[in-house]
Amino acid sequence: MILSRPSLVFLSLLALDIASHWLQMYSIFLVGKVSHKDVKDSSNWLFKAYCGNRLFMGYCCIACEANSLWTVFFIKTILSCS
């Protein structure tokens, strides 16, 4: 079975997400930190806002899920019309 282009894009993004989380957890393990969400030494303002504020993290997670659902619905609508 040949995957459609949107499916291939979503699978590639999923693989990238899993691989990046694994590499981040492994590098944290090598450094000796307890958690990958330790933001004390980070200079990235977005990472500090994301991991330091649970409401902002929740908003980002829910917005990402809503965007994914909307994208799937939009693609299904486009494909059903053609």
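This is a predicted model: local features need pLDDT of at least 70, side-chain atom pairs count only at pLDDT 80 or more; totals for chains, interfaces and linings use all residues.
Reader: How many helices and strands are in the protein?

Author: Helices (H or I, at least four residues) and strands (E, at least two) are DSSP runs, numbered from the N terminus. Here there are three helices and zero strands, in the order α-α-α from the N terminus.

Reader: What share of the residues is buried?

Author: Buried means under 20% relative accessible area, exposed over 50%, and partly exposed in between (1.4 Å probe, protein chains only). Of the 82 residues, 5% are buried.

Reader: Which residues make the nonpolar surface patch?

Author: Patches are made of residues with over 30% relative accessible area and no salt bridge; like charges are joined within 9 Å, and nonpolar side chains (Val, Leu, Ile, Met, Phe, Trp, Tyr) within 5 Å. A salt bridge is a side-chain nitrogen of Lys or Arg within 4 Å of a carboxyl oxygen of Asp or Glu. Areas come from the Shrake-Rupley method with a 1.4 Å probe; for residues, only the protein chains shown count as cover. In this case Val-9, Phe-10, Leu-13, Leu-16 and Val-72 make a patch of about 430 Å². Helix H1 (residues 5-31) gives the most, four residues.

Reader: Where are Phe-10 and Val-72 placed?

Author: Phe-10 is in helix H1 and is partly exposed, at 36% relative accessible area. Val-72 is in helix H3 and is partly exposed too, because its relative accessibility is 37%. The C-alpha atoms of Val-72 and Pro-6 are 8.9 Å apart, although 66 residues separate them along the chain.

Reader: Which residues line the second largest pocket?

Author: On a 1 Å grid over the protein atoms alone, a pocket is an open set of points where a 1.4 Å probe fits, with protein on both sides within 12 Å along at least five of seven lines; lining residues have an atom within 4 Å of a point. The lining here is Phe-10, Leu-13, Cys-61, Cys-64, Glu-65, Asn-67, Ser-68, Thr-71 and Val-72. H1 and helix H3 (54-81) each give two or more residues, and H3 supplies the largest share, seven.

Technical notes:
Residues are numbered from 1 along each chain as its sequence is written. Side-chain values use heavy atoms; hydrogens and water are left out.
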